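Please work through each task before reading its solution.

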Amino acid sequence: IDDTSLFKYVSEMGNCSDDMLNLDSLRKSLVREEDTIIFSLIERAKYPVNSPLYDERPGFSGSLFEFFVKESEAVQAKAGRYLSVKENAFFPDNLPPSLLPPRGSQQVLNPRGASININEQILNMYYKNLLPLITSDGDDGNYAITADRDLDFLQALSRRIHLGKFVAEIKFRESPQDYTRAILAQDKDSLMKLLTFESVEEMIKKRVEKKAMVFGQDVDLNENDNVGNYKVNPSVVSRLYGEWVIPLTKFVEVEYLLCRLD
Ligand SMILES: C=C(O[C@@H]1C=C(C(=O)O)C=C[C@H]1O)C(=O)O
């Protein structure tokens, strides 16, 4: 199969125009998600780690947190949350059907790629790396509200990371020949190189650190009173992006591309 016929083949797969299929506007959505992520991090960091929330509990077949997430996701599934391809459940098995009909939006993603869900990985990263980094030690007994804040934060992280599917689709459509070669060879390293823009990543890490300073400052009416007083350490936010959010987004991009031609 030569390059020209490959090009023709891949360009004919799914012609569609959509806001989600323009890298500039998609990057704007990613920038907006930063605000949601940082605000929800600040909200979770208000409470101590509250570790009994995550321990196995008799009567709950798992932890209180798992129970809270499963029940919340069941309500949200009924209200149609997971009809959107941008939303992924943390416990997708056995969710009740939506009571609302699908909105009939155009499927712009490869169907196999669209079903990628790395929430289990996100959840493990959250328990193991993130919670110890952003919370203080202690137990104030506010388990339900803590679980609610956790879920908000996790959903924001998950949404941002899974937008990698759309990023990958756009990048593929912009350079189908280069990507097709790497996909046919199932060459993850080449795919990773092709989709990486280091300057964009550096800019993001700096911007989220700055946003954490702005969103997390104490505001009162005396100027300069609270300089340097932040609700979460801004460098933690930059680390969150550098070590987890960006690498996991790129992982989703690679996984998506690997099955793009299926
Ligand atoms: C998401 C993109 O792909 C990659 C991942 C990035 C991220 O997760 O922020 C940023 C730049 C790229 O290396 C993109 O190009 O915008």
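**Exercise 1.** Determine which residues around the ligand come nearest.

*Solution.* The shell holds 15 residues, a residue being near if one of its heavy atoms lies within 4 Å of the molecule. Of these, Arg 27, Arg 160, Lys 171, Phe 197 and Glu 201 come nearest. This is a predicted model, in which local features need pLDDT of at least 70, side-chain atom pairs count only at pLDDT 80 or more, and totals for chains, interfaces and linings use all residues. Residues are numbered from 1 along each chain as its sequence is written, and side-chain values use heavy atoms, with hydrogens and water left out.

**Exercise 2.** State the distance from an oxygen atom of the ligand to a polar side-chain atom of Glu 201, and likewise for Glu 253.

*Solution.* For Glu 201 the distance is 2.6 Å. For Glu 253 it is 2.9 Å. The protein covers 99% of the 360 Å² of accessible area that the ligand has on its own (Shrake-Rupley method, 1.4 Å probe).

**Exercise 3.** Identify the helix that supplies the largest share of the shell around the ligand.

*Solution.* Helices are DSSP runs of H or I with at least four residues, numbered from the N terminus. At least two shell residues come from each of α2 (23-45), α7 (164-174), α10 (198-215) and α11 (234-258). The largest share, four residues, belongs to α11.

**Exercise 4.** Is α7 mostly covered or exposed?

*Solution.* Buried means under 20% relative accessible area (1.4 Å probe, protein chains only). Nine of the 11 residues of α7 are buried, so by this definition the helix is mostly covered. Among the buried residues are Phe 166, Glu 169 and Lys 171.

How values were computed: A polar contact is a pair of N or O atoms within 3.5 Å; within protein, one must be able to donate a hydrogen and the other to accept it, and residues adjacent in sequence count only if both atoms are side-chain atoms. Buried means under 20% relative accessible area, exposed over 50%, partly exposed in between (1.4 Å probe, protein chains only).
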